[in-house]
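Welcome, and thanks for taking a look at this one with me. Here is a short briefing to read alongside the coordinates.

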Amino acid sequence: MASDSEKSSPDMSRFITDWMKSFSDTMESMAATQARMFAFPADAEGKKAAETGKAAGKTSGKTAGEAAGDDNGRGTRKSWAAMGNTWQKMFSALMAPENLEANFKGAAAVPEVAMRLAQQTADAMMTLQTRWMERAAAIGQRTKAYNFENLDKEVFKSLREIYETEFQKYLNVPQLGLNRFYQERFNRFLDKMTLFQTTLSEFLQMFYIPIEKSAMVMQEKLEQMADKGDLKDDPQAFYRLWIKVLEGHYMNLLKSPEYLQTLHKTIESLVNYNQAREDFLQDIVRHLPVPTLKEMDELYKEIYLMKKQIRSLSKKVEGNQTL
Amino acid sequence: MSQPKIAVDLILKNLAESSEKSQERAKKASEVLLGPLETDLCPTPYDVVYEEDRVKLKYYKPETVKYKIPLLVVYALINRETMLDLQPGRSVVQSFLDRGLEVYMVDWGYPGRKDQYLTIDDHVNGYMDNMIDFIRKRHGLPKVHLMGICMGGVFCVIYSSLHPDKVQNLVTTVTPTNFDTDKGLLHIWMKSAAADRMSECYRNMPADLMNLGFLLLNPARLIIDKYVGFFENMDNRAFVENFIRMEKWIFDSPDVPGATFRQFITDCYKQNLLIKNRLEVGGKRVNLKNITMPLLNFYGKFDHLVPPEACELLTGEVGSKDKEDICLDTGHIGIYVSSKCQREFAPKIANWLATREADEGPDEGTKEGTKEGTEEKAASKKPARAPRSRGGKTDKAKSGKTGAKKAKPKKSAGSTRSRNTATDKK
């Protein structure tokens, strides 16, 4: 019993052959257009060559520019046509009945990989969404004033965890070939930038907590005042009360081990990001006619040491002279 | 009809009045902010008399010189020395000049990337020592009065320990020497700060990052309340001018050379080596017992950057017999700029120096002069000046104590702690 792939193979083969033919034709016409474009001399030298070539070209009926254009065009057209033919041959070979089955299996694997990737992304999004929902549900719960233990950092922690477990590994894939070091530095830059962004978000979220908590305290205080009937008639008094409560909350937060940990983590990630960015930028600067920071730092160090030595020697000489 | 529990009508009335006032204030404020404002810093004229790399030495000359030894003021590497001459009427420098004291002040400048390798040794045994030698030579004196502010005070303490022969009297102000305290947030944070990683990454410690750190020490007051206060007073020209001057000073911050920052955090904040006499600078151990000259130690009771606990141990550790702690009821900056402290701080230092100069005798400085000092005098470049009039203290000095090196009277010996009544809190 013939398989589905075998049944469909003659049609598929014809389809691919037709597509390749039209692809080669398109390439050829593009090459011809491009050759005509390049045929016009772009600079003064080219114009001059074109003018001087007019007389000489009269015999052949073409100017030098046109002749050059023809040469360019022929060369480009030939290379495009060769590329098209190679593609056509390669696809013909791939579509040969003996290779078709393996081909289709390979082709079937592509969507599978794509599906897995999509699945991972969807899972990550679902996890994140679930935690966001949990967070949203927790908003209505009471927050304890002046207490900064077990802070709700789950959302940003989740973001970072998802990144570290699901996406970071793709940036850490070993790179190959001539550009491997450049690519690795670029990947490291992307990685550190993402980690810094998530850590900074965590830090900022923590910094917002006292505002949230002081709003809750103010609400309670206002309720109490209203119940007692001694609500202040001066709006300034409310502000002064709020800023005092806020200051108290901040003082508690800033001393907490959680804050210290987050602060240092943020600084560490900032430092890592800056270093990765500098390493990446050095690769770009290396191709410009300017010294890199690393080179300048080495030079500065040499100057610093030399100056120090000169000053020390000068003092010794001055000391000897005054003796 | 029952009486309402909440005076809603009164609240609404006040709100309406407040809204009217705000409108009026906004109208006046636009006139103030759009009009000419006098916000320049450093109104007192000075000459730059010495320059080395980025560092400059400013010289302020009084109309009449009444002290024989000039005062060198060493500011911190964080922020700038302009704070001591912020505005007319609030200038520590002007107060010194009014009393006839010649003032030299170090301007550390703005370190660039090339300065990243400069260590504490380069600042203390390099720039400071060169400047002090310059002043000694210029005045033909063996010693100078030294006054340090915050980190600059730490430099002065180190310098006085390593070069006690060049310091006549030492004044430390808001100077941290004991870093093993958890009273200030800065001390808590710095203990676990990744100074190595930061200086490795940034080379010089960025001023903006440090300023952000200082703002985060009290965000409610420094990021919110301070500017609410500004909006409430922005129709007041004098207030606006002072506020802008202060803003200019606060955010005019040079970066700190990376190697110095790293050493300061590691050796001082993390290991507290200075007060333990274990700090090494330029290969030499800093022994506080070498500080035998008179010492006056100022600090602020409400200083959240350098709390009293960080300052008050110094007098107990130095070798000086004549030493005094003064704790003012103010904060880290208020000690220099608050109007109340203006009356307490600079005059106290000037009087303290005058008393010591009188007790030391007018010729002590010149007679035991160093070679450079003697040569400088011989060349008549600038003779040392004797105090001209200092009230009762001068009379005491003139009556029989001239030329003799005299020990301090018993009443001044030992650490005396006086509490000032100034209440400005910064």
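Let's start in a loop of chain B: Asn79(B) sits between strand E3 (71-74) and strand E4 (85-87). Please keep in mind that this is a predicted model.

**Two asparagines in chain B**
- Asn79(B) has a phi near 60°, a positive value in a residue other than glycine.
- With a relative accessibility of 11%, under the 20% cut-off, Asn79(B) counts as buried.
- Asn277(B) lies in the loop between helix H10 (258-270) and strand E9 (280-281) of chain B.
- The phi of Asn277(B) is positive too, at about 60°, although this residue is not a glycine.
- Asn277(B) counts as buried, at 13% relative accessibility.

**Helix H14 of chain B**
- Helix H14 (residues 339-360) of chain B has 22 residues and spans 32 Å from its first C-alpha to its last, close to the 32 Å expected.
- Because 16 of its 22 residues are buried, H14(B) is largely enclosed by the rest of the structure.

**Where chain A meets chain B**
- Each chain brings residues to the contact: 45 from chain A and 45 from chain B.
- About 3800 Å² is buried between the two chains, and carbon and sulfur atoms give 58% of that area.
- There are 11 salt bridges across the interface of chain A and chain B.
- A salt bridge joins the side chains of Asp53(B) and Arg311(A), at 2.8 Å from N to O.
- Between chain A and chain B, 24 residue pairs are in polar contact, counting pairs with both residues at pLDDT 80 or more.
- On chain A, helices H6 (180-228), H7 (235-255), H8 (257-285) and H9 (293-322) each supply at least two residues of the side that touches chain B.
- That side of chain A has 22 nonpolar, 7 polar and 16 charged residues.

Note on methods:
Residues are numbered from 1 along each chain as its sequence is written. Chains are lettered from A and ligands numbered from 1 in the order in which they are written. This is a predicted model: local features need pLDDT of at least 70, side-chain atom pairs count only at pLDDT 80 or more; totals for chains, interfaces and linings use all residues. Side-chain values use heavy atoms; hydrogens and water are left out. Helices (H or I, at least four residues) and strands (E, at least two) are DSSP runs, numbered from the N terminus. The expected span of a helix is 1.5 Å times one less than its number of residues. Buried means under 20% relative accessible area, exposed over 50%, partly exposed in between (1.4 Å probe, protein chains only). Contact means heavy atoms within 4.5 Å. Buried area is the accessible area (1.4 Å probe) that two parts lose on being put together, summed over both. A salt bridge is a side-chain nitrogen of Lys or Arg within 4 Å of a carboxyl oxygen of Asp or Glu. A polar contact is a pair of N or O atoms within 3.5 Å; within protein, one must be able to donate a hydrogen and the other to accept it, and residues adjacent in sequence count only if both atoms are side-chain atoms. Ala, Val, Leu, Ile, Met, Phe, Trp, Tyr, Cys and Pro count as nonpolar, Asp, Glu, Lys and Arg as charged, and the others, Gly among them, as polar.
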